[in-house]
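Please keep the sequence and the structure in view while reading.

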Amino acid sequence: MILAGDVGGTKVHLALYNFEAGNLAPVRDQKFHAGQYASLDDVVHAFLTDPEEKKQIVAACFGCPGPVRDGRLKLTNLPWMLDVRLLQPSLGIEHIFLINDLEANGYGIPDLAPASIFTLHQGDATAEGHQGLIAAGTGLGEALLIWDGKHHRPIPSEGGHCDFAARNEREIAMLQYLRKTLNGRVSFERVVSGIGMKNIYAFLRDVQKMEEPQWLRDRMATEDHNAVIGQCGEDGSSPICYETLQMFASAFGAEAGNLALKVLSTGGIYLGGGIAPKTLKTLEGGAFADAFLDKGRLSPLLRSIPVRIILDDTCALLGAAAYAEARAAEVSGRSERAASVSAS
């Protein structure tokens with residue numbers, strides 16, 4: 001049995017899989033609020049309460065936000081330090097692997113059902129080549145999916161922390177506002193993420209002086225900010241929420257286009273994370289595509305690149321499970337996935 005984990009800035013999603021006849025078979029999964037636990041160890045212990053079930057686990061892999069170095073990383077948006085050398089004795093699992101969360105998503109894409117992918121921009125769906133993966137959630141993750149002629153090999157990056165590039169007068173004004181409120185540098189993650197959505201909203205309210213009616217102020221005070229912005233922006237009940245989503249979608253499209261240029265992703269761009277599936281109406285509305293395609297002389301290239309949204313929130317779990325099975329099986333050579341994973 002394989003234990004897989006998708007460790008985000010606000011939640012930890014854990015799952016158990018069996019690997020049968022070359023396919024991952026889900027056993028069970030559960031989501032946990034990360035802020036309620038002192039460590040990843042505590043979350044896993046809360047998930048694995050059955051001693052007999054735990055004995056069957058042969059390997060585990062956790063996809064985590066941040067750069068993994070020598071089996072260690074400090075999470076980007078959580079105060080946790082992870083180290084496989086400490087996790088192994090704590091969890092009692094022989095083979096434990098830590099990989100970047102977008103890398104895990106990249107390994108999971110081949111296992112997704114067609115219904116789990118929504119095509120936002122058709123492009124040339126028959127073209128092969130490198131792909132890009134950009135995921136807006138609590139933070140902004142990016143990865144390269146490098147085509148070797150047979151497989152797409154996920155390469156993690158921290159591209160979401162590159163400098164935010166303002167493209168028009170309103171974005172320039174927002175950049176100046178964020179430079180003051182953040183005391184300096186502004187990355188794309190400060191605009192294209194759950195963190196960024198709140199920043200855009202605050203800019204429109206405080207600088208652009210868009211009205212925040214009392215009913216909306218009350219909801220923002222008692223509910224999840226991004227859930228309120230998403231709902232009221234998608235249904236059109238609030239102009240400031242609608243404009244927040246439009247600015248968000250435009251910046252998202254611009255950075256997705258930047259990634260497509262850097263990777264030369266003729267095979268397509270994937271949008272992951274929790275925000276895209278919840279804002280489909282906004283993303284289909286044109287602001288994303290206009291910014292994605294607005295690349296001057298390279299715009300014809302962008303028009304040929306498909307853009308697809310990952311709808312399945314278990315994608316990273318599937319990838320982590322596939323990675324764990326392949327790496328644990330390398331010594332015996334019994335896994336067809338092992339060669340693909342080990343070469344990446």
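Leaving aside neighbours within four places in sequence, Arg-308 is in contact with Ile-117, Phe-118, Thr-119, Leu-120, Ala-125, Gln-131, Gly-267, Gly-268, Ile-269, Tyr-270 and Leu-271. The model is predicted.

- Arg-308 belongs to strand E13, which covers residues 307–310.
- Is Arg-308 buried or exposed? Its relative accessible area is 13%; because buried means under 20%, Arg-308 counts as buried.
- Leu-182 is 126 residues away from Arg-308 along the chain, and the C-alpha atoms of the two are separated by 32 Å.
- Leu-271, one of the residues that Arg-308 contacts, also touches Leu-120, Ile-134, Phe-252, Ala-256, Ala-276, Phe-288, Val-307, Ile-309 and Ile-310, among others, when residues up to four places away in sequence are not counted.

**The six-stranded sheet**

- Strand E13 is part of an open sheet of six strands, arranged in the order E8-E13-E12-E9-E10-E11 with mixed pairing.
- At the edges stand strand E8 (117–121) and strand E11 (152–157), each of which pairs on one side only.
- On average, neighbouring strands of this sheet are turned by 25 degrees against each other, with direction ignored.
- Strand E10 (residues 140–147) pairs with E11 in the antiparallel sense, over six bridges.
- Within E11, Arg-153 is the residue that stands opposite Ile-146.

- Another open sheet consists of five strands in the order E3-E2-E1-E4-E7, and its pairing is mixed.
- From one strand to the next, the twist averages 20 degrees.
- Strand E4 (residues 59–64) and E7 pair in the parallel sense over six bridges. The bridge partner of Cys-64 in E7 is Asn-100.
- Helix H1 (residues 40–47) lies across strand E1 (2–7), strand E2 (11–20), E3 and E4, and runs at about 55 degrees to E2.
- Helix H3 (residues 84–91) also packs on the sheet, where it touches E4 and E7; the direction of H3 makes about 135 degrees with that of E7.

**The nonpolar cores**

- The largest nonpolar core contains 47 residues. Those with the most contacts inside this core are Val-192, Phe-252, Ile-269, Leu-271, Phe-288 and Phe-292.
- Helix H9 contributes the largest share of this core, with 12 residues.
- A second, separate core has 30 residues, including Ile-2, Leu-24, Cys-61 and Ala-316.

**The packing of helices H5 and H9**

- Two packed helices are described by the angle between their axes and the distance between the axes.
- Helix H5 (residues 169–181) and helix H9 (residues 239–263) pack at an angle of about 95 degrees, and their axes are 12 Å apart.
- Angles of 65 to 115 degrees count as roughly perpendicular, and H5 and H9 are therefore roughly perpendicular to each other.
- H5 makes the contact through Arg-170, Glu-171 and Met-174, while H9 uses Glu-243, Met-247, Ser-250 and Ala-251.
- By class, the residues in this contact are three nonpolar, one polar and three charged.

How values were computed. Residues are numbered from 1 along each chain as its sequence is written. This is a predicted model: local features need pLDDT of at least 70, side-chain atom pairs count only at pLDDT 80 or more; totals for chains, interfaces and linings use all residues. Side-chain values use heavy atoms; hydrogens and water are left out. Axes are lines fitted to C-alpha atoms, for helices over the stretch in contact, and angles run from 0 to 180 degrees between N-to-C directions. Helices (H or I, at least four residues) and strands (E, at least two) are DSSP runs, numbered from the N terminus. Angles under 35 degrees count as roughly parallel, over 145 as roughly antiparallel, 65 to 115 as roughly perpendicular and the rest as oblique. Contact means heavy atoms within 4.5 Å. Ala, Val, Leu, Ile, Met, Phe, Trp, Tyr, Cys and Pro count as nonpolar, Asp, Glu, Lys and Arg as charged, and the others, Gly among them, as polar. A nonpolar core is a set of buried Ala, Val, Leu, Ile, Met, Phe, Trp, Tyr and Cys residues joined through side-chain atoms within 4.5 Å. Buried means under 20% relative accessible area, exposed over 50%, partly exposed in between (1.4 Å probe, protein chains only). Two strands pair if DSSP finds at least two bridges between them.
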